[in-house]
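Thanks for asking me to look this over. Here are my notes, in the order that I would walk through the model with you.

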Amino acid sequence: MSFDVVLRSIFSAAFLASVLRISTPLILPALGGLITDLSGAVNIALEGIMLTSAFTGVVVSAYSGSVFLGVLAGVASGVLISFVLGWFHLHLETNIILAGIAINILATGGTIFLLYVLTGDKGNSQSLASGRVPNINIPLIQDIPFLGRVISGQHIFVWLAFILTWLVSIYLYRTPWGTHLRAVGENPQAAETMGINVKRTRMIALLISGFLASFGGMTMSMAYLTIFQREMTAGRGFIALAAVYLGGRKPWGTLLAAILFGFADALSHQLGSLRIPSQLVQTIPYIVTILALVIYNLREQAVKRERRRKFQEQHMQSMASVE
Amino acid sequence: MPPIIELKAIYKIYPNGVMANKGVNFSVEPGEIHALVGENGAGKSTLMKIIYGMEQPTQGQVVVEGLERHFHSSRDAIDAGIGMVHQNFMLVPSFTVAENIVLGQEPTQRGLLNKQKAIDETIQISEQYGLRVEPKAIVDSINVGMRQRVEILKALYRGANILILDEPTAVLTPQETQELFLAIRKLVEQGKTVIFITHKLREVMEVSDRVTVLRQGEVVGTLPTSEATRESLARMMVGRDVLLRVEKPPAQRGRKVMEVQRLTYINDTGRSVLNDVSFNIYAGEILGIAGVEGNGQTELVEIMTGLRPSTSGNALVNGKAVLNKTPREVRMAGVSHIPEDRLTNGLALEASINENLIVDRYFRPPYKKGASIDYKQVAELGAKSIEKYGILTPDGELPVASLSGGNMQKVIVAREFTSDPELLIAAQPTRGIDVGATEFVREQLVKQRTDGTAVLLVSADLGEVMSLSDRIITMFEGEITGVFPDAASVTEEELGLYMLGIKHQSKEEMEELL
């Protein structure tokens, strides 16, 4: 396949639809990462939560025959894990990074172990018939040329990712609880003296992040594929955290950053058909992540320097006016 | 009228054994501005934290408006109508002024924030009390004066009748200070009561109705401000019962070792911390800096030792410029430093005693052998230091964290003295260590000076400065206010007047003596 064929395929509706599909398991955990980051106790166990929920969802839906029960169980497992993390960090006062790493390792090994116990296979859940969440076709929109093919017919989690981004932004910026959460993250002492319970606020943030990340995990195993594979989240829980910072710690910014990473991922799939070593192509999403973060940080520093300079200038002036 | 706040026989003993308040009786009348003064460590802040519910008294009663209260958190105190403006502001930087004021009690409309109402209420309360703020400005972008007004409005928004202001002028420019005083008077006119913590006597005289002086955890006295003078208050603040005696032979002043020229430092918030500071230090003398803490001494030492960049000025050690050099370069020029905060700047707590003894010399012979460290030499130095400086430990390989405070300080003293310095800068060298260790450190300082080292001593303990120094300079608000070439002939009352900025020698008077 030649280069211009690849180029043309990138601008096709099918490709853009696949970008949205691939971005979804980044957007959902990234929203969770955003909320916890703003609360001051960043959840780095997103990866483990996604993996656990992906596994639980497949297993429960396969044994119960109900997609709904599978999703419910997947969510419950994600929330439970973040509760455990919160309990370790907030109640027992362990370092949240260490507790998070422990959970990630446990989730990797634990899912493989249980997979083996249940199916006798250490690689994937082929022998289980997982449920699949439904796709949504929207009568009017699907008839719009191009756009209809991009956004209609996506599975329910894609829609959920956008709806939840909207809800999260309302929660964070339009409700007292979200305001308290942001205050706790920025200056816990200030919040505490104003009667806001710092630990409870952080726990709630962690539980919400577990809820969101669990959907990310199930997107992988119950929508994108209908099978659980070992380590199938492949670092998405961490890339999601990168998206939070790249997105300027804002809900819609985070969504866009996650889509950028999704785009890089989708691109690497497309370029796989070119005669470039596949190992090189597969590094694209990660290189994009690193580049994006470097650029973001440089910009942040420049903004900070500027603000500091302005502040000093202003202050020197007010001092001069006294003398 | 009965007092609005009454503290009866308050004792506060911290878990580490420090007794911050010893039987304090303190009462505040409704509608007055009551100044609470005392040196650092006199127990002012502890007392206010007790009123504000952040600390619980070990013993004693807190009575607010006639009712005995037991506050478990500041929330309880807020509910009882008490508000406090802390020295370091408790604001959320990315929030707007209005958002900060209503934080925790946001007005809502059908579950969502009502931002307009928050702004309206901010404007209303700001106009009522004459505290000018911009409701929609982001706190990060407003100046310190306005931040302080936001803090006061926060307390008022929660219905505070009693306002505690903890050293409110420490961060303000003179103009902002005047604005604050106007605002305080207006608050009192509207029936509020203000407790004003400070150690600036000028401000006490200017703004307060009554004043209470604390010293070493005890109340020295409460009197109407009209009956007080700055001199009488200064005596009450710094007066000491015993002056310790240190045996020392007369000083043999040698050549000039360090010259500090027109040093100025403006900090990140734009405040001038050091202003045109110049002095010299000579071999064979101890130069003491006397001053209430927070008047620029800490920054001065940090700049002199390379821990902090200066804004302008010059500093020479034996004619070699050392300003804005790295701490290692400064040390290589012959300066050693006993830092004020030994746990952060003085020692690596998890490293061994021996390792701590060589951190300033591991990179040069005889401790460096090829690419690695000669551990035989290190062990030898360790054993010698432990013996000579009486560090109580079975083994130099043990972590420093295993030592008591006094012995930790001995490790620092051993390191700084064995580096054979030309100039020794000792900041609070005996703070928080036991009597025996204190005596030892003082003796060693005198010994160094007698052996011909130039010594700069910065201490919050006036008795220490007076008994050890040969020459004393006083600092107030980042400036040198006086120099006393013969430390033995000056009284603490006299020093107190200069330390608190009441008296000030002229530049011409000081020039010869610095």
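**Notes on the sheets, helices and core**

1. Let's begin with helix 14 (residues 405–418) of chain B, which lies across strand 18 and strand 21 (423–427) of chain B and runs at about 175° to strand 18 of chain B. Helices (H or I, at least four residues) and strands (E, at least two) are DSSP runs, numbered from the N terminus. Contact here means heavy atoms within 4.5 Å. Axes are lines fitted to C-alpha atoms, for helices over the stretch in contact, and angles run from 0 to 180 degrees between N-to-C directions.

2. A word on ground rules: this is a predicted model, where local features need pLDDT of at least 70 and side-chain atom pairs count only at pLDDT 80 or more, while totals for chains, interfaces and linings use all residues. Residues are numbered from 1 along each chain as its sequence is written, chains are lettered from A and ligands numbered from 1 in the order in which they are written, and side-chain values use heavy atoms, with hydrogens and water left out.

3. The sheet under that helix is open, with six strands of chain B in the order 18-21-22-15-23-24 and mixed pairing. Strand 18 (335–338) and strand 24 (479–484) of chain B each have a single partner strand, so one side of each has no neighbour in the sheet. From one strand to the next, the twist averages 20°. Two strands pair if DSSP finds at least two bridges between them.

4. At one end of this sheet, strand 23 (residues 471–476) and strand 24 of chain B run antiparallel and are joined by five bridges. B:Met475 stands opposite B:Ile480 of strand 24 of chain B. Helix 17 (residues 492–499) of chain B lies across strand 15 (286–290), strand 23 and strand 24 of chain B, at about 35° to strand 23 of chain B.

5. Chain B has another open sheet of six strands, in the order 6-9-10-3-11-12, also with mixed pairing. Its edge strands, strand 6 (82–85) and strand 12 (218–224) of chain B, pair on one side only. Neighbouring strands are turned by 15° against each other on average, direction ignored. Strand 6 of chain B runs parallel to strand 9 (residues 162–166) of chain B, with four bridges between them; B:Met84 has B:Ile164 as its bridge partner.

6. Do have a look at the hairpin that strand 4 and strand 5 of chain B form, with two residues between them. B:Glu65 in the turn has a positive phi of about 45°.

7. How do helix 4 (residues 115–128) and helix 5 (residues 144–157) of chain B pack? Their angle is about 100°, with the axes 10 Å apart. That makes the two helices of chain B roughly perpendicular, a label for angles of 65 to 115 degrees. Among the contact residues are B:Ile125 of helix 4 and B:Leu153 of helix 5.

8. Over in chain A, the largest nonpolar core has 59 residues, with A:Val71, A:Leu172 and A:Phe228 having the most contacts inside it. Such a core is a set of buried Ala, Val, Leu, Ile, Met, Phe, Trp, Tyr and Cys residues joined through side-chain atoms within 4.5 Å, where buried means under 20% relative accessible area (1.4 Å probe, protein chains only). Helix 2 of chain A gives the most to this core, 13 residues. Not counting residues up to four places away in sequence, A:Leu172 touches several residues, including A:Leu34, A:Leu38 and A:Pro251.

Terms used:
Buried < 20%, exposed > 50% of the residue type's maximum accessible area, 1.4 Å probe, protein only. Parallel < 35°, antiparallel > 145°, perpendicular 65-115°, else oblique.
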